[in-house]
Amino acid sequence: MTDPFGDRLPVLETPRLRLRPVGPEDADALLAVFGDEETMQYWSHAPMRDREAALAYARQIADGFASRSLFQWGITVRGEDRLIGTCTLAGWSREHRRAELGYILGREHWGQGLAAEAVSAVLRFAFGPMGLHRVEADVDPENEPSIRLLERLGFTREGFLRDRWWPYGEPRHTLLFGLLKPEAPLLLTADAP
């Protein structure tokens, strides 16, 4: 299987969004999203505390791309370049044609369908140029908006793991979801959400 990436994460565009590589220049925006306690309440780790943590995260994203273990797009509104969230594919297994999906959006952008638009673009890339057959996601059982998003995009609830994450020193459960390429024909069209 060929590598669809080259030397840079490709830019993905939707009617309202532009998904692009994340760099150190995004440190303040990363901190705004990943440092917000409400936005991070269902995440698998505690919020970032300072700009140094955001810069370290930007380096981790670049290192993950270089090793082909993490593909994390910065979500921006078309016509603007400020990062408002990220959408990620991680754990890429070429042999088994699968990866794990992650996404986060700054809270001021919730409720506008932007997460669905960004995730759809990444899924089109995953099932297209990456050649994936399966995309997985895990979600906190209390994160109802995220569960609705995955189900709306065709993901199937496949399991429940008890005490999977310990982000604040307390155990959190997770729901497992999966989407197979044959189950996502509408996502693969250019005008999908």
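Strand β5 (residues 98-105) contributes 6 residues to the lining of the largest pocket, the most of any element. The model is predicted, so local features need pLDDT of at least 70 and side-chain atom pairs count only at pLDDT 80 or more, while totals for chains, interfaces and linings use all residues. Residues are numbered from 1 along each chain as its sequence is written, and side-chain values use heavy atoms, without hydrogens and water.

The volume of the largest pocket is about 1300 Å³. Among its 50 lining residues, W43, G102, Y103, I104 and S146 are the closest to the centre. A pocket here is an open set of points on a 1 Å grid over the protein atoms alone where a 1.4 Å probe fits, with protein on both sides within 12 Å along at least five of seven lines; lining residues have an atom within 4 Å of a point. The lining comprises 22 nonpolar, 17 polar and 11 charged residues.

The second largest pocket holds about 200 Å³. It has 14 lining residues, with R8, L9, P21, V22 and A62 nearest its centre.

The contact (heavy atoms within 4.5 Å) involves A27, D28, L30, L31 and F34 of α1 and R51, A54, L55, Y57 and A58 of α2. Of these residues, 8 are nonpolar, none polar and 2 charged.

Definitions and conventions: Grid points are joined across faces, edges and corners, and a volume is the space filled by probe spheres set on the points. Helices (H or I, at least four residues) and strands (E, at least two) are DSSP runs, numbered from the N terminus. Ala, Val, Leu, Ile, Met, Phe, Trp, Tyr, Cys and Pro count as nonpolar, Asp, Glu, Lys and Arg as charged, and the others, Gly among them, as polar.
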